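User: I have a few quick things to go through on this model. Can you take them one at a time?
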Amino acid sequence: MPGFLQRFMPRDGDFFVLFRKQAENIVSGANAFTSMLEHYTGVPEQVQRVKAIEHQGDEITHQIFRKLNQTFITPFDREDMHELCGTMDDVIDLIDAAASRFVLYRVDRVRSGTIDLTKVLAAATAELSCAVHAMESPDKALQHVIEINRLENESDRICRTLIAQLFEEEKDPVQIIKWKEIFEVIETAVDKCEDVSNVIESVILKNA
Amino acid sequence: MPGFLQRFMPRDGDFFVLFRKQAENIVSGANAFTSMLEHYTGVPEQVQRVKAIEHQGDEITHQIFRKLNQTFITPFDREDMHELCGTMDDVIDLIDAAASRFVLYRVDRVRSGTIDLTKVLAAATAELSCAVHAMESPDKALQHVIEINRLENESDRICRTLIAQLFEEEKDPVQIIKWKEIFEVIETAVDKCEDVSNVIESVILKNA
Amino acid sequence: MPGFLQRFMPRDGDFFVLFRKQAENIVSGANAFTSMLEHYTGVPEQVQRVKAIEHQGDEITHQIFRKLNQTFITPFDREDMHELCGTMDDVIDLIDAAASRFVLYRVDRVRSGTIDLTKVLAAATAELSCAVHAMESPDKALQHVIEINRLENESDRICRTLIAQLFEEEKDPVQIIKWKEIFEVIETAVDKCEDVSNVIESVILKNA
């Protein structure tokens, strides 16, 4: 099946360029976030770096929407492109939301296990970028889609374990409120990676 | 109006078979959950039973999506079928999410009132199954849609009362965090039954 | 570009009348809610007033859905009209959800800063109403869309500040749970105003 979307490339190359740019921006965001938790100093500046990446994401999202609204023939279903763009925007928004909570909640040290969850998020964004880059080679793209689903299950399992541990180990309810939300926001970011992969899978199957 | 969808049956019978199977699976999940709260022993095993039902639901969801992506003419709007399938999947996911929290949060006894809420959920899933089975007889299906709306209002009322009681009676903030979330997840499962019924109503009105 | 939708008016005027009615109803809800916080006595009665406005919103939503399902040619994309109607319904639902929590959680005094957030919500609904009324004059409507985006950023900023203050000033975890949720529900109502404005922007760009 490789190449099934190539026939649209001369006309609609820009859409793919923008989607790839957006995917790479998401990977940068996830890496900047992981790196912040691994080197937990100068946190407000590191959160600002994630926020700057999120702003760039907004810019790309608007470019895609504008182009989408002004283009008559799109490389695949307009509605699916809209959904792809919207779900990719959700991923970077949630990475920013997770990072910013470390400043907002004045978190002074990172709980053990948090980085395990964040690494799964970073891995899911890397697979997401591979899937977006491989959209013209469906068989390859579907491998990445399957891997994202596996990572989502893993993040779900880790998140549940972290929350169970939190309720057992932490006695301060205020800390429970803060950390439960942090874990859930990170896990939701991985969920959104799966939403992106679902759109990609659906586009590929429709065009197969 | 009865029979308005029958003309599609020879060709698309399988879709209806799959939607009915999904609806019956949701009813099983809601009943297994209610039964767990009524006989609150061997909880981890009972939660595993709900989880197994949720896995079966995932299987059916994927069957429908695959079939949908490979079928040119669908019995009703492709987009509505997608929505119907997705919202039904949300219902069983949330039933599983509610059940699993009893293990995750090490809940040792069921708060009074919880079963009242769960029974409304079970009733809503039973109506949902009736509505799905009656999709070829719009007048009958619409009766079940109305009943689901009524049950959603009831679950909303019960959930609010339970949360108000929780804040008044429970002094331990950790217990408040856990139970507030349990009540909200159950109520959200009923909300999702209403989302399913909204799709059914819309399909019926469009085809009337 | 003014007047681009006028050609549909003789045929589909009712849709615009209903959308305008819905927008005005949302403004009433936001104003009743702000007024309740400014004059914090007879709270249950004031919450009932907001709830009554929400019920009227439900009525208008159902009228639009019914009309939509029975109309063959719509003034703009059926799907966008559905989305517009659904997101407007979400705004008034969330205003009601915010108001009702003051009774549910037996809030005896309004925390400082809450009204600042509510005023941004009221301003966003006023802009939303202007945008809906100006849908036939795209250039004017887009000005209101931009203003709604600005107000959403402002509400996000205020909400984060209020939650950070809450964690610093309030020592009672139960109060933190209640107020964090109140702030988040109000902020989500403003988010939903932005969702409405996104639909309006998309409709305008498509028809430009």
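This is a predicted model: local features need pLDDT of at least 70, side-chain atom pairs count only at pLDDT 80 or more; totals for chains, interfaces and linings use all residues.

User: How many residues does the contact take from chain C and from chain B?
Analyst: Chain C puts in 7 residues and chain B puts in 10 residues.

User: Which elements give two or more residues to the side of chain C that touches chain B?
Analyst: They are helix 2 (43-70) and helix 6 (173-207) of chain C. Helix 6 of chain C gives the most, with 3 residues.

User: How do the residues on that side of chain C divide by class?
Analyst: There are 5 nonpolar and 2 polar residues, and no charged ones.

User: Switching to chain B. At what angle do helix 3 and helix 6 of chain B pack?
Analyst: Helix 3 (residues 78-104) and helix 6 (residues 173-207) of chain B pack at about 165°, and their axes are 9 Å apart.

User: Roughly parallel or antiparallel, then?
Analyst: Angles over 145 degrees count as roughly antiparallel, and helix 3 and helix 6 of chain B are therefore roughly antiparallel to each other. The crossing of helix 3 of chain B past helix 6 of chain B is left-handed.

User: What classes of residue make up that helix contact?
Analyst: The contact of helix 3 with helix 6 of chain B has 15 nonpolar, 3 polar and 7 charged residues.

User: Now symmetry. What rotation superposes chain C on chain B?
Analyst: A rotation of 120° does, with 0.0 Å of shift along its axis and an RMSD of 0.0 Å. That is how a three-fold axis relates copies.

User: Which residue of chain C comes closest to the rotation axis?
Analyst: Pro173(C) does, with its C-alpha at 3.7 Å from the axis.

Methods. Residues are numbered from 1 along each chain as its sequence is written. Chains are lettered from A and ligands numbered from 1 in the order in which they are written. Two residues are in contact if their C-beta atoms, placed from the backbone, lie within 7 Å. Helices (H or I, at least four residues) and strands (E, at least two) are DSSP runs, numbered from the N terminus. Ala, Val, Leu, Ile, Met, Phe, Trp, Tyr, Cys and Pro count as nonpolar, Asp, Glu, Lys and Arg as charged, and the others, Gly among them, as polar. Axes are lines fitted to C-alpha atoms, for helices over the stretch in contact, and angles run from 0 to 180 degrees between N-to-C directions. Angles under 35 degrees count as roughly parallel, over 145 as roughly antiparallel, 65 to 115 as roughly perpendicular and the rest as oblique. A crossing is left-handed if the near helix is turned anticlockwise from the far one by less than a right angle, and right-handed if clockwise. Copies are superposed by least squares on the C-alpha atoms of residues with pLDDT of at least 70 in both.
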